[in-house]
Amino acid sequence: MIDWVPPGIVLIAGAFLIPFLKGRAKRAYLLLLPVITFIDLFFMADGTGWAVPFMGYNLVFGQVDRLSMAFGYVFVIMAFIGMLYALHVKEDGQHFAAFLYAGSALGVVFSGDFLSLFVFWEIMAFSGVFLIWYSRDKASRDAGMRYLLVHVFGGLSLLAGIVIRLVNTGSLEFGSLAHGGLDSYLILLGFMVNAAVPPLHAWLSDAYPEATITGAVFLSAFTTKTAVYVLLRAFSGFEILIWFGAAMAVFGVAYALLQNDIRRLLAYEIISQVGYMIAGIGMGTMLSLNGVTAHAFTHILYKGLLFMGAGAVIYTAGKRKFTELGGLYRTMPLTLGLYMVGALSISAVPFFSGFVSKSMIVSASAHEHLAPVWLLLTLASAGTFLLVALRLPYFTFFGKDSGIKAKEPPVNMLLAMGFAAFLNILIGVYPAILYNILPFPVDYVPYTGEHIVWTVQILLFTALGFFLMRDKLMSQPAISLDIDWIYRKGSRAFMWFVEKPLSAAAQLPVRIFLRIADYLMWLGKNPTRAVSLYASTAIFRLLGRFPGMPPHASEKLLENAWKNYPGEPVKKSPVGDSVILVLILMAVYAIYYYIVT
Amino acid sequence: MIEHFPVLIIAVGLLGAFFTPIIGLIRKELCSPWASLITLLQFLISIFLLYQVLAAGNISYWLGGWQPPWGIEYAIDILNAFVLVLVAGVCFSVSIYAKKSLGFEVPGKELPLYTLYILLSTGMLGIVVTGDIFNLYVFLEIGSLAAYALIAVGDRQSLMASFNYMIMGTISASFILLGIGYLYVMTGTLNMADLSERLPELYGRPVILVALALLVVGLSIKTALFPLHTWLPDAYTHAPSAVSAMLAGTFTKVGIYALIRVMFTVISPEYVIETVPVMNILSWVAAAGIVAGSVLAIAQYDIKRMLAYSSVSQIGYIILGVSMANKLAMTGGILHILSHSLMKVGLFMVAGAIIYRTGIRNIYQLKGMGKKMPFTMAAFVIGALSMIGIPPTIGFASKFYLAWGALEAENWVFVAVILLSSLLTAVYFWRIFENVYFGVHEHEEIKKDEVPLSMLLPILIFAAITLLLGLFASLPIGVIEHWVTGVLP
């Protein structure tokens, strides 16, 4: 007896009704759909449900246990918040894509086999790109295309891994893959693309800042966390992930430091936070896995809140750069307040949600005696506080008055942010709510005197550092004489290190990736012409001229040919060529057959 | 009556074609419904034949009661019946679509057009239904001649396209005829079943090798297998859209059917796989074709031309699957006959619909089309997703089997080619999506302006089948696997 429906299917199927509703009914429906899905979650029974035979295999759409339920809850809550935030948007297509995207993420979470997982994985990639494209400008179109290329590549790697696994084991069941082997490495690669593990992260920081204001809220929640979920299930205890994760955590922060675009800064912060989760997965202890689940849960809530805050600023002020913003606290006090809740949560300030989840992973690294990891994670934590809770609000809401007359955003946006802020504080104050739904029993107590003191110390020193060198952090040359010269030299050396060697190293994969994508697009305009251009250039280099032509005329010809690219589409070849080709093939076939036998 | 169905499917068509001009002389408008009626009859008969083959086993029909190998035999097994249903179904659906589309693109030519249309349909069904190899050649000529003429009625450049196609087609036909002639000279029989019994004694002889090469090259031209595809892009681009749709969905597929039939039924699988590496060479040619077709498709601006090059690539997939000659790949290849036919017919019909409403063929001018023709473009999206191989479409199922088969053969190059080409396919279709849905039209207000129902309905039905068969892919796969298990050792 099945009395529930896979929640992903509810959202995806429900999305198809959107175009048929109008006005108030539509808005009510948009909010109702996640609520129905949430109620549906409560009816789900542990175990395997919704097994559908397909091509001789069982597709399982309802693999339910505590882990998938925890992710299921937060995904549905986030779908609700995101939809509330996007309620003022008039385009059906955006809502449709958002539900498809959130629904497919839920689909992945409850998939019990690789094939249905892959199906939802692909829907997620292809619907996500629409959330970017709806910005309707050139930057977003290019970024979306690159996003798509990367995800299609990741999907192919995943599919290849799945197929190899199927051939080797004859089973499609989605279980632990931590044993190694080609299939699990390919699948890991596919997962890591979505988790934005450097050097495969470039799509995230490239695309999220270009997404629509409301779309970015959805994007920030689902793709990377779905990847965290599947990694958690398939690769927990895979040790290399610890180091990937710790590096990610620092990398994200270091790189966020250089950003001038508020949402790009937040995008790099996602990479940093996901780094914590990846590290936790690699440790694979009960405490760390609980921590990963908890951190994914709270991360979705506070990162959604941060993106909503940043989106509200962009929506009303129309600007997205630090250098163009400033002094907004007078006109947008509510937005500032709500944003700060998110910022304090991500910084793991006591009584905010991040405190109870992030500390679990950090403690787990201490339990495992992974001192360098612990150090890196703590460092990243301080950096996060510096960037998200101090630098971003300082330059956006305070700092130099930019003279922008921005109002508070629409009510639905404020309500969505309020709800998310409420949940963040609720979890921070009553962590038991969160701990009760974690996959393993929790005996972790976040609120010990020692822990609170330690955290507050780090935060206060970071804050002190910020106010002493805040002008340096604007990444603009500005000297103020009354700062102690040690700080000045120190901060300069630090900024030089971040801006030059570190950033060059970090930029490398991004630059390579962008260049490959751009090259493919260039080549795609006229591949045959491109190939012939390369060929004639090679001939020219080799001989110094084209046969039967003086050198300077050849050079001019070649130059013009490059200039005229892509030119007219493929030249038609006369039918005589084809006829000769037929004869050649015929002769080759016959002779080859004869030789072989 | 029922036992005569195998010949009736042909007789109905020949008679129907004969009466079309007479009906057209009475009233021109009746030609199109008449063609639909005839193709519907053929479709129904083909469904019945498939049902009968599945229920009661292979059918052998003796024309005029003459016992084979002296008389002509119509031999139908699962593969024939499967392709029959596909071909007849496509011909019927496109005939409904053709009424408005042909009426717009080539007005006033109903009389010859529909006569040729029925002849083409009948020729293709004949190739599939017959068990006699010379009869196969005859039907191939009937179909090809009709196709040349149908292409020639298109736009201004269609005459040249048709002429090129005719030259290539004629070379192909003469190669095939020569191949058949050699086989006949050596064995003294034209019946396929009889040939397959007599040939093994002669396998050592060079004549058989020459015949084999002639048949492979001849059929490669007919199926537009790279690098002998040169006739196809021009023909599909300049033919009337309805004709392009029909040809893309059926004619090349029938050529592939003939290739499979000749290689695996007339000549034995062991011979073409192990003794002479016919299949091995074909598979590498096909792999090259997959990549080349996709790359060339990216370079196109004209939507029909792009679809045509995409066909070259997809035909590569089918031949690759068939020629890898393991059970999984073969199943995937034959399933891809079905899936490619469904998606490509749908896509060409959409291209025709766009031309019908706006006259636009350049894909960079398609901006705002998503608002103007929402249903048509939705169908296009489904077809394109299936081409890329995104689940849950039928295109995914067939590519999945192909990739699986390549893994089974442990040929990593083919695996890479299959997956890489998916990426390229995504590139050339996503470019269209981008323009259709996100391109901004600055000057004019876009109103919804869909094509007439008689055009929209077939488009939507093909999109729906692409999705539905993707969800219930085990249905066709079961049928195909049944046949493949019987053929491959």
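Below are my notes on what I looked up, topic by topic.

**Ground rules**

I am working from a predicted model, where local features need pLDDT of at least 70 and side-chain atom pairs count only at pLDDT 80 or more, while totals for chains, interfaces and linings use all residues. Residues are numbered from 1 along each chain as its sequence is written, and chains are lettered from A and ligands numbered from 1 in the order in which they are written.

**Chain A overall**

I looked up the elements of chain A and got 23 helices and two strands; helices (H or I, at least four residues) and strands (E, at least two) are DSSP runs, numbered from the N terminus. Chain A has 597 residues, and 50% of them are buried. For burial I use C-beta atoms placed from the backbone: 20 or more others within 10 Å is buried, 12 or fewer is exposed, and in between is partly exposed. I also checked contacts, meaning C-beta atoms, placed from the backbone, within 7 Å. Of the chain A contacts between residues at least 6 apart in sequence, 79% join residues at least 24 apart.

**The strand pair in chain A**

Strand S1 (residues 47-54) of chain A runs antiparallel to S2(A), and seven bridges join them; pairing takes at least two DSSP bridges. A:Pro53 stands opposite A:Asn58 in S2(A). Strand S2 (residues 57-64) of chain A has six of its eight residues buried, so it is largely enclosed by the rest of the structure.

**Where the chains touch**

How many residues of chain B are in contact with chain A? I got 47, against 40 residues of chain A. On the chain B side, the elements giving two or more residues are helices H6 (158-187), H8 (206-223), H12 (278-298), H17 (394-408), H18 (412-438) and H20 (474-487). That side has 38 nonpolar, six polar and three charged residues. My classes: Ala, Val, Leu, Ile, Met, Phe, Trp, Tyr, Cys and Pro are nonpolar, Asp, Glu, Lys and Arg are charged, and the others, Gly among them, are polar.

**H8 against H10 in chain B**

The axes of H8(B) and helix H10 (residues 241-266) of chain B come within 8 Å and cross at roughly 160°. That makes the two helices roughly antiparallel, the word for angles over 145 degrees. From H8(B), I listed B:Leu215, B:Leu219, B:Lys222 and B:Thr223 as meeting residues of H10(B), including B:Gly255, B:Ile256 and B:Leu259. By class, the contact comes to six nonpolar, three polar and one charged residues.

Most residues other than glycine have a negative phi, and most peptide bonds are trans. I went looking for exceptions.

- The bond from B:Pro68 to B:Pro69 is cis, with omega near 5°; B:Pro69 is in the loop between strand S1 (59-62) and strand S2 (73-76) of chain B.
- B:Phe226 and B:Pro227 are also joined by a cis peptide bond, with omega about 0°. B:Pro227 lies in the loop between H8 and helix H9 (231-238) of chain B.
- A:Arg136, not a glycine, has a positive phi of about 55°. I found A:Arg136 in the loop between helix H5 (114-133) and helix H6 (138-169) of chain A.
- A:Ala348 has a positive phi of about 60°, and sits in the loop between helix H13 (333-346) and helix H14 (353-367) of chain A.

Are these two chain A residues buried or exposed? A:Arg136 is partly exposed, with 13 other C-beta atoms within 10 Å. A:Ala348 counts as buried, with 26 C-beta neighbours inside 10 Å.

Terms used
Contact = placed C-beta atoms within 7 Å. Axes fitted to C-alpha atoms, helices over the stretch in contact; angles between N-to-C directions. Parallel < 35°, antiparallel > 145°, perpendicular 65-115°, else oblique.
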